[in-house]
Amino acid sequence: MHFSLLPLLLNGDIKALARCISLIENEATNYEQLLEKLPATSHTQVIGITGPPGAGKSTLVNELIQLLLEQGKRIAIIAIDPSSPFNYGALLGDRIRMSQHFNNPQVFIRSMASRGALGGLSPKIIEVSDLIKAAGFDYLFIETVGVGQSEVEVAGIADTTIVVVVPEAGDEIQTMKAGLMEIANIFVVNKADHSNADEFVKNLRLLAHTRQRDNWEIPVIKTVATQQEGLPKLIDAISMHQQQITNNIERHAQLLTEKTYQLIQRRRMKNINRKTLQLEIQQQLTAGTFNLYRFVNTI
Ligand SMILES: Nc1nc2c(ncn2[C@@H]2O[C@H](COP(=O)(O)OP(=O)(O)O)[C@@H](O)[C@H]2O)c(=O)[nH]1
Ligand SMILES: [Mg+2]
């Protein structure tokens, strides 16, 4: 293991960060020891952004990055998007080049494949976000499509979860997936240039109000990402939510419990796969010796 990378990582060195991520993703020898040396605290605000495909999540993040760069922030992005794996590269690359930020260690972008057909987050997302936190970024945005399990999983990793929706015809709001309601700390109604946006925002605010919890009134922010409208308000809402959760040990412990649970689960299930199980079961069935409970005990 390349422990010489650690001081570089802690210093915010982007190449060292990329290298560490590869080591973790490839489960290089003793990779866990590197993780065990990561510092206990970090000031990185982890922001999950989820919502249906095409809602404008990537566009929003792109514009947020621009604004935050102007404030001198360092920003990391993880894009988990099975349909369009990567669209920051082009957009951001051009802009950064234009504004002479290119190759500047202010921005780190990484795309990760989603896991399985249900679109869960990549199995190493927890470790990778901890590496990014150790590298001292101010913000880590994790974009994930709000389908399948990834939206719930991202809420288990992010300090603040933003759910992006677009204005829909009248009744749709009632059928909004209950899951989205549970995980949203902030709602963004993007594409507010569409005609029925105000009505939609009004209804969503009413609905969000009924879901108020932890003394936090879920704000509903109207944006037109393509025209940079509403973005300062969104940044304010993010700051307000971060203030709200700072020093909330219970919430912090809750997030860490979720991560602990997932890591234990993954470790326990490590060498278990359905194909091998089925083969062994089939053999025992053929031999006429199969007993479900004895079999489970042998695993
Ligand atoms: N009219 C309108 N189009 C938008 C807005 N935001 C994004 N779009 C467009 O919607 C499409 C999907 O955006 P994208 O950011 O890729 O959505 P994602 O799948 O949620 O990441 C793109 O063509 C964007 O240009 C908006 O506020 N208004
Ligand atoms: Mg996208």
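1. Just past the end of helix 4, glycine 72 has a positive phi of about 80°. Keep in mind that this is a predicted model.

2. Helix 4 itself covers residues 57-70. Its end C-alpha atoms sit 20 Å apart, which agrees with the 20 Å that 14 residues should span at 1.5 Å a residue.

3. How many residues of helix 4 are buried? The count is 11 of the 14, so the helix is largely enclosed by the rest of the structure. Among the buried ones are Lys57, Ser58, Glu63 and Gln66, along with Leu60, Val61 and Ile65.

4. Who are the partners of strand 4? Strand 1 (residues 45-51) runs parallel to strand 4 and is joined to it by 7 bridges; here valine 46 stands opposite leucine 140. Strand 2 (residues 75-80) also runs parallel to strand 4, with 6 bridges between them, and alanine 79 has glutamate 143 as its bridge partner.

5. Now the metal. Which protein donors does the magnesium ion (ligand 2) have? They are Ser58 (OG) and Glu143 (OE), at 2.1 to 2.2 Å from the ion. Serine 58 belongs to helix 4 and glutamate 143 to strand 4, so the pair ties together parts that are 85 residues apart in sequence. Both serine 58 and glutamate 143 are buried.

How values were computed
Residues are numbered from 1 along each chain as its sequence is written. Chains are lettered from A and ligands numbered from 1 in the order in which they are written. This is a predicted model: local features need pLDDT of at least 70, side-chain atom pairs count only at pLDDT 80 or more; totals for chains, interfaces and linings use all residues. Side-chain values use heavy atoms; hydrogens and water are left out. Two strands pair if DSSP finds at least two bridges between them. Helices (H or I, at least four residues) and strands (E, at least two) are DSSP runs, numbered from the N terminus. Donors are N, O and S atoms within 2.8 Å of the metal (3.2 Å for Na, K and Ca); water is not among the atoms, so sites may look incomplete. Buried means under 20% relative accessible area, exposed over 50%, partly exposed in between (1.4 Å probe, protein chains only). The expected span of a helix is 1.5 Å times one less than its number of residues.
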